[in-house]
Amino acid sequence: MTDHILSIIIFLPLFTALVLGIVRAEVRLLKIGSFLSSAVTLMLVAWLTFQFDPHAGMQFVEHAPWIKNMGISYYLGVDFLSLTVLLLITLLMPPLYLYMKHEERKGYWYNMMLLQTGVTGAVLSLDLVLFYLFWETMLLPIFIMIGKYGNGMHQYNAMKIVLMTILGSMSMLFSILYLGYMHYEVTGLWSFALNDLSQIDLNAQTSIYLAAGFLLAFVIKIPLVGFHTWMAPAYGSAPTPAVVIMSSIMAKLGVYGIWRFGFGLFESTLLYYAPVIVVLSLIGLLYYAIRAITEDNLRKMFAYSSGSHLSLIALGLILTNIYAWSGSLYLIATHALASAGIFIMIGLVYKRFKTVHISELGGIASRAPKFTFFFAFFALSIAGLPGTGGFVAELLIIIGAFKVNFWIGFFTATTMLAAMVYVFWMLQRTLFGPDNSSCDFQDLNARELIMLLPLVLMLLVTGIAPSLFTPLFEPQLSLFLSDILHTLGGVK
Amino acid sequence: MMMQFIYALPMAIVVLGAILLMLLSNSKITLNRLNLISVAILTLSLILQFVLFGEKESTYLFSSIFGNTFILDDFSAIFDVMFTLGAILTLLINNDYFKSREYFAGEYFSLILFSVFGMMILAHAHELVTTFIGLEIASLSIYALVAYHKTRTISTEAMMKYIVLGSMTGAFYMLGTALIYGAVGSTSFTEIAAYIHSHDLSNITVLIVGASFIMITIMFKIGAVPLHAWVLDVYHGAPYPITMFMASTFKIGIFAVALRLYLVMFAPINSFWSEILQVITILTLLGGSWLAINQTLVKRMLASSSIVHTGYLLIAISSIGLGSDLAAPAVMFYLIAYFLSSVGSFGILSFIASKKKKQMTYDDFKGFAQRRPYMAIMMSIFMLSLAGFPSTIGFLGKFYIFTAAIESGQILLAGLGIATAFISVYYYFKLIAMMYFYESDETQKKFPVGISTVLIVIISLIVIWGGIGTSLIPFVPGADGFMNFASQAISSLK
């Protein structure tokens with residue numbers, strides 16, 4: 001079983017969905033089945049983490065030929081980077097299923113299971129065609145969920161997110177095909193495996209063009225400012241579970257893509273785009289923060305907030321020093337937890353008030369103290385409250401930025417203050433102040449507490465004791481980094 | 001001689017069956033029976049084709065009588081299988097459709113079989129005049145089929161358009177043949193190829209002009225822009241079964257002859273047409289996409305998207321001329337992929353149309369997923385495959401074609417192909433969005449288990465399996481297997 005554990009982790013949800021679909025399960029059975037599949041994958045991933053050797057490279061590798069005449073292989077593996085995202089996916093699924101407990105529409109559950117297979121597969125694939133397959137297929141459930149179960153102009157927004165993301169994917173496809181052909185031309189063999197393709201020597205011009213193909217796909221997925229027009233509408237109309245996955249996982253996959261495929265394939269060539277990405281990220285930090293301050297819709301506000309944090313992660317990534325990289329990886333994890341928490345809370349607000357507009361909310365604190373605590377906690381951990389993981393991560397990135405350039409560091413640090421503004425102002429207007437609505441506000445019940453507590457605990461542990469986690473990723477991270485910096489030295 | 005006779009049987013069965021059906025068409029046998037008879041005839045031919053497949057080296061059929069006009073090789077064998085399968089699927093899937101329309105009569109089956117026979121000649125022909133005969137037999141049957149609903153103005157108009165333009169391009173073909181005959185003194189492919197080999201490119205201008213005329217006919221028949229004006233109206237005017245037959249099967253027949261001409265006869269002078277082909281490809285891709293975006297009728301959208309698919313195939317055809325080894329099998333693979341996806345999507349359309357008697361617009365699909373969830377899933381699979389979404393066979397088809405284009409150095413063309421694939425996502429996903437994103441007033445209907453629906457289910461499974469399947473399961477061709485068929489067919493050409 002250990003040989004195929006990654007395949008099991010990827011395909012268990014899909015398999016469950018297929019079996020349940022074929023027997024045309026009742027909605028009750030569907031709920032149990034999907035929850036069980038997520039619980040089992042969580043256990044498998046926990047076991048995997050326990051067995052994980054932080055000093056070795058790719059582990060639990062599965063390699064089998066898939067389409068032989070083109071050298072496309074079924075190639076999976078896990079290292080510190082994929083393990084981080086994999087852990088996040090599997091940690092978030094059970095709470096989301098708990099959140100969806102009263103959801104009676106069957107399609108919802110099927111789509112969630114397909115979505116889990118899609119994102120997990122994208123994280124674990126080491127073959128570019130396989131990665132592309134998962135990268136595209138994870139879009140389908142999101143498309144259906146926004147379009148079918150969303151609100152607002154959901155049909156339009158679903159089409160928009162699909163078209164913009166596929167535009168990026170198509171440019172990536174071109175680069176993948178070209179790289180595969182280059183490998184064929186150099187070695188006479190077709191291969192699309194990441195470690196084969198990363199060994200081809202491209203001339204600078206070609207690799208700059210090809211890197212652009214990949215970057216476009218990832219930058220749209222993140223999204224950096226300028227490529228973000230799909231973001232706020234899609235987050236605004238998507239149902240809560242889809243928003244959580246989009247903000248916590250899929251946006252992170254954009255960063256993951258730059259990390260794994262961008263740096264993995266093109267190494268220092270990627271730094272050719274560093275000025276562009278740095279500028280876009282810095283503009284993004286400020287722009288998204290301003291949009292968040294002025295936004296009245298809570299979902300859209302945190303969509304922009306998510307964009308601003310992802311810009312920060314992208315910034316840390318492109319600065320390529322050990323502080324910024326550790327910070328970025330750390331922020332991927334903690335922001336995923338915090339934004340999952342806040343979007344679930346917003347979903348709960350919507351369930352109770354049927355609105356997510358700040359102007360129509362208020363006075364929650366006096367009636368629902370537990371709700372207020374959790375809401376404030378997640379909001380503050382997004383803003384980087386000391387004691388939560390977000391603080392450690394942001395601090396590391398800011399240190400890294402100062403290492404590179406004083407002004408980049410200065411600008412990053414000051415724009416982070418803007419996050420404080422919108423979070424505190426939002427808290428004041430939603431939780432406190434006059435009671436704006438007449439509905440009977442229920443405080444959190446036991447089920448909701450159970451699904452939120454793990455997130456809170458994780459955030460606190462990552463915040464108070466970061467030293468527990470650093471040994472897990474530190475060795476490989478610095479090795480990866482020194483590889484890239486080494487080639488950079490060679491270029492100079 | 002005896003063996004030769006057996007080799008000829010698959011074709012003979014089809015043509016004899018067609019004559020038999022013509023004789024039966026005025027008898028009192030019901031349409032349902034006639035359908036079964038014609039399917040039985042085709043199936044018999046199909047089984048024989050499977051038995052004979054790979055048994056023989058490439059030989060000429062009855063060379064003492066026909067000369068070197070008919071060739072039997074793996075290439076034509078695979079196309080025969082596709083034509084026969086296409087006809088069988090057309091007949092079976094539309095079983096409900098022609099029962100719901102009074103205008104169908106017995107000749108329908110006879111005409112379908114005749115056109116299959118014509119296409120088989122087209123795939124087997126190794127000589128220009130024979131090719132023309134095959135082309136005309138197939139085309140004339142199709143002309144008649146297009147106007148089958150003879151009281152409907154739109155159908156007769158479509159037929160007139162098609163027959164006038166088609167005959168004119170047929171004249172181009174004859175002119176081209178005459179010029180080539182004038183230059184070479186023979187119409188046999190072998191001798192023309194030998195003539196081209198032994199002469200310098202600058203000395204064979206007449207032949208090149210003739211060959212270009214033939215190319216015009218081919219471009220017309222496959223609907224390449226700027227010779228595409230008939231496509232939308234003819235596909236729209238024809239009854240659903242005929243549109244399905246034309247889009248999936250007849251188009252493949254034309255590509256069979258195009259591939260043989262390009263790979264066998266004109267191989268040394270392929271590069272002469274590269275620029276012309278590239279321009280036509282660009283026009284076809286862009287023009288087809290432009291047409292497809294603007295349609296409101298789903299049938300017309302599929303018709304115009306078939307122009308775009310022609311464009312992808314043309315990318316590969318011009319890659320053949322520029323020396324890509326992958327391109328020829330890529331064309332074959334794409335034809336298989338397109339055949340499956342278009343048969344499936346037109347099949348579902350005609351299934352819906354058999355229940356209600358109006359043209360299906362995008363808006364009519366609103367809430368379709370709620371009324372018929374399984375049909376909607378299958379339609380989505382076909383749309384995804386046509387759009388080239390990974391995990392379907394359509395993706396691998398595009399994958400091979402674009403890789404071949406990059407291999408032959410046509411990087412911009414590959415980029416344009418990918419860009420049009422992106423545009424196609426819009427009009428295919430629009431249908432998925434219509435099916436899933438709107439509520440329906442009607443309640444969910446039971447899945448109608450019948451021969452047509454079961455076949456559509458099987459095709460949709462093949463479409464998925466062709467995209468993700470490996471050759472791990474014996475006897476079931478996965479993504480690998482289809483490509484191996486394609487390569488085997490191409491390597492048998494000579």
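Visitor: Hi! Where does G182(B) sit?
Guide: Hello! This is a predicted model, and in it G182(B) belongs to helix α8 of chain B, which covers residues 153-184.

Visitor: Is that glycine buried or exposed?
Guide: G182(B) is exposed, because it has 11 C-beta neighbours inside 10 Å and the cut-off for exposed is 12 or fewer.

Visitor: And what separates it from Y428(B)? I mean G182(B), C-alpha to C-alpha.
Guide: The C-alpha atoms of G182(B) and Y428(B) are 48 Å apart, and along the chain the two residues are separated by 246 residues.

Visitor: Let's switch to the chain contacts. How many residues of chain B are in contact with chain A?
Guide: On the chain B side there are 22 residues, and they meet 25 residues of chain A.

Visitor: Which elements of chain B give two or more residues to that side?
Guide: They are α18 (393-407), α19 (411-437) and α21 (479-491) of chain B. The largest share is from α19(B), with 11 residues.

Visitor: What's the make-up by class?
Guide: The side of chain B that touches chain A has 16 nonpolar residues, 4 polar ones and 2 charged ones.

Visitor: Back to α19(B). How do α13(B) and α19(B) cross?
Guide: Helix α13 of chain B, residues 274-293, and α19(B) have axes that come within 10 Å and cross at roughly 10°. The two helices are therefore roughly parallel to each other, and their crossing is left-handed.

Visitor: Nice. Which residues make that contact?
Guide: From α13(B), they include Q278(B), T281(B), I282(B) and L285(B). From α19(B), they include L413(B), L416(B), G417(B) and T420(B). The residues of this contact of α13(B) with α19(B) comprise 9 nonpolar, 6 polar and no charged.

Visitor: You also listed α21(B). At what angle do α15(B) and α21(B) pack?
Guide: Helix α15 of chain B, residues 327-355, packs with α21(B) at an angle of about 130°, and the axes are 8 Å apart. That angle makes α15(B) oblique to α21(B).

Visitor: Left-handed or right-handed, that crossing of α15(B) and α21(B)?
Guide: The crossing of α15(B) and α21(B) is right-handed.

Visitor: Who meets whom there, between α15(B) and α21(B)?
Guide: A328(B), P329(B), M332(B), F333(B) and I336(B) are the α15(B) residues. They meet F482(B), M483(B), A486(B), S487(B), A489(B) and I490(B) in α21(B). By class, the contact of α15(B) with α21(B) has 10 nonpolar residues, 1 polar and no charged.

Notes
Residues are numbered from 1 along each chain as its sequence is written. Chains are lettered from A and ligands numbered from 1 in the order in which they are written. This is a predicted model: local features need pLDDT of at least 70, side-chain atom pairs count only at pLDDT 80 or more; totals for chains, interfaces and linings use all residues. Two residues are in contact if their C-beta atoms, placed from the backbone, lie within 7 Å. Helices (H or I, at least four residues) and strands (E, at least two) are DSSP runs, numbered from the N terminus. Ala, Val, Leu, Ile, Met, Phe, Trp, Tyr, Cys and Pro count as nonpolar, Asp, Glu, Lys and Arg as charged, and the others, Gly among them, as polar. Axes are lines fitted to C-alpha atoms, for helices over the stretch in contact, and angles run from 0 to 180 degrees between N-to-C directions. Angles under 35 degrees count as roughly parallel, over 145 as roughly antiparallel, 65 to 115 as roughly perpendicular and the rest as oblique. A crossing is left-handed if the near helix is turned anticlockwise from the far one by less than a right angle, and right-handed if clockwise. A residue is buried if 20 or more other C-beta atoms lie within 10 Å of its own, exposed if 12 or fewer, and partly exposed in between; C-beta atoms are placed from the backbone.
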